[in-house]
Amino acid sequence: MCGIFGYIGNKKNAGEMILSGLKSLEYRGYDSWGVAIKKDDSQIYIEKHTGKIGDASLPAMDSSIGIGHTRWATHGGVTDANAHPHISCDKKVIVVHNGIVENYEELKKQLIKIGHTFTSETDSEVLAHQIEEFLKEEKDLHVAISKLRSQIAGMNAVIVFFPDKETFYIFKNGSPIVLGEKQNEYFVASDASAIIPYTKHVYFVEDGEMVSLNRNGISLFDSEGKNKDIDYITLSYNAEAVSRGKYPHFMLKEIYEQPTVIQNIASSQLETVKETAKRIINAYGTYLVGCGTASYACLAGTYLFSKIAKRHINFSIGSEFSYLLNFLKDTSLVIALSQSGETIDTLASVQKAKAKKAQLIALTNVLGSTLYRMADYSMLLNAGPEKAVASTKAYTAKITFLYLIAHEINRTLHEGVQNISRAVREIEGLLERKSHIQHLANRIKNKNNIFILGRGVSYAAALESALKIKEVSYMHAEGFAAGELKHGVIALIEEGTPVILFNPEDETYEDTLSAAHEVKARGAYVIGVSSRKNDVYDTFIEVKNCQDATIIPNVVIAQLMGYYLALAKGYDPDKPRNLAKSVTVK
Ligand code: G6P
């Protein structure tokens with residue numbers, strides 16, 4: 001997790017740019033933040049704080065080089081001392097780090113033995129001291145960094161700042177790092193969205209590569225240390241896509257972007273849909289893998305493929321797939337779903353699948369992400385940057401792809417596209433009626449539990465809906481298969497317990513209605529989501545029938561519910577406690 005940002009250039013406001021870069025990377029972790037900036041008078045300015053950056057500003061200073069970091073704590077609590085950057089004893093090596101130095105305890109012990117003083121409990125601090133130590137025997141920065149890399153274990157992305165030499169060394173293994181270039185100015189960040197306000201000309205550093213960067217220019221070295229040309233690419237989105245615009249929160253903005261994102265997939269991604277369908281047909285078994293929201297998109301996929309494409313497609317959550325993949329063959333196909341393309345639980349397991357020679361398809365939102373580059377074939381969600389921690393538009397984009405692929409396998413793509421257009425209209429209608437959902441949120445905000453029920457693909461929707469509500473409102477919400485409730489959980493229903501019931505007019509309709517009666521008889525407050533009104537519902541949210549694409553507007557209701565519950569309880573929906581957008585640790 002963690003966000004890192006660095007700048008070297010000819011502008012005098014490095015501090016401002018670094019702070020603004022960190023603000024846009026804060027979704028990656030917001031336990032603490034810090035900067036190390038070399039001012040034009042050669043003084044090094046360090047500032048570190050716990051908590052969110054918020055409206056923080058730095059004192060006015062002229063500077064054209066520095067680095068910054070926003071932290072999601074792993075090793076060591078949330079304290080000022082544990083905030084990055086970390087500095088060597090001689091103050092000549094300054095480091096920001098995303099990832100984990102798995103063998104840091106051993107390295108730290110040795111460094112302490114030979115006289116180094118540590119000021120934090122982090123694993124990251126060993127990097128600064130270890131480089132200082134290597135530089136005592138070896139003056140060449142390049143050699144010292146290479147030595148360090150051969151000593152540390154684990155996934156990482158690092159900027160090492162040598163203030164005396166006004167030089168950065170940048171390297172990565174697993175975690176993302178992007179370089180941006182613009183006429184004698186260089187930017188380094190964990191995510192291109194932090195660079196886009198300055199330049200669209202970027203390079204995604206590959207695992208094993210190393211970059212040295214100073215005022216004389218930039219050099220890239222491959223994993224064998226050989227010099228390599230940098231093939232910059234031009235990003236297709238612009239700075240507006242990464243700002244909140246007229247919306248009070250990114251989450252609301254991203255909810256509102258869904259009609260456009262989904263319609264675009266149905267209009268301009270059909271070649272990708274067809275190619276993936278072909279690969280599924282040719283595979284000896286297909287497995288969908290993802291974490292969190294992506295996992296619930298996978299689960300929905302299993303229902304959609306079964307019903308529409310008449311195909312059994314397996315599914316596993318990313319962190320469990322490693323223990324399930326012994327039967328994979330070189331003809332197996334793994335489709336990994338990940339908004340960020342950086343979720344380590346997903347990456348680590350698909351890496352194992354690749355080692356078994358399975359084919360890998362990525363369905364991700366981030367061009368150049370680790371998953372994107374790892375895959376044999378990559379589908380881009382093209383949803384635009386998703387900044388709110390809780391995933392909304394990336395989820396519905398994933399469902400749209402899976403739904404269309406299932407239709408393509410069934411040779412009914414045209415029908416699939418029409419249903420997606422219906423779903424889009426339904427979302428637009430819901431957005432117009434959002435005050436009804438806000439009103440409901442205010443009504444149920446003080447309840448202890450919320451249950452969400454559905455059968456078939458609506459069961460998958462129920463799980464995603466509950467996650468959305470939990471993530472941002474911290475309320476206890478659980479999704480259940482409507483038929484399973486009576487086998488135990490119904491014991492939790494009491495007078496006034498809110499139950500959201502997804503009841504589309506499909507093969508589940510009558511049975512789901514029975515569940516509504518069962519909970520209502522025990523006092524539940526039933527919120528019916530359906531195309532057909534029924535007296536059993538205490539309140540009714542109409543969603544017209546879009547066949548199996550109805551899952552899309554249904555989940556949008558829960559996204560809005562989560563958003564308004566968070567507001568009603570006074571929480572920031574964009575940055576929920578304890579969570580990070582991109583989870584790059586196991
Ligand atoms: C984190 C986020 C979740 C997200 C999950 C998977 O846990 O907090 O909201 O669903 O990662 O993210 P991915 O980028 O792989 O889709």
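## The largest pocket

Helix H6 (residues 258-268) gives the largest share of the lining of the largest pocket, 3 residues; helices here are DSSP runs of H or I, at least four residues, numbered from the N terminus. This is a predicted model, in which local features need pLDDT of at least 70, side-chain atom pairs count only at pLDDT 80 or more, and totals for chains, interfaces and linings use all residues. Residues are numbered from 1 along each chain as its sequence is written, and side-chain values use heavy atoms, with hydrogens and water left out.

The pocket holds about 720 Å³ of space. A pocket is an open set of points on a 1 Å grid over the protein atoms alone, where a 1.4 Å probe fits, with protein on both sides within 12 Å along at least five of seven lines; lining residues have an atom within 4 Å of a point. Of its 38 lining residues, Tyr237, Asn365, Ala383, Gly384 and Pro385 are the closest to its centre. Why does the pocket lie between domain 1 (3-241) and domain 2 (244-432)? Because both give residues to its lining; the bounds come from an automatic or database domain assignment.

## Around the ligand

Now for the ligand: 14 residues surround it, and the closest are Ser338, Gln339, Ser340, Thr343 and Glu471 (a heavy atom within 4 Å counts as near).

Polar contacts are pairs of N or O atoms within 3.5 Å. A polar side-chain atom of serine 338 is 2.5 Å from a ligand oxygen atom, while polar backbone atoms take part at glutamine 339, at 2.7 Å, and at threonine 293, at 3.0 Å.

Note on methods
Polar contact = N/O pair within 3.5 Å; in protein donor to acceptor, adjacent residues only side chain to side chain. Points joined across faces, edges and corners; volume = space filled by probe spheres on them. Helix = DSSP H or I, 4+ residues; strand = E, 2+ residues; numbered from the N terminus.
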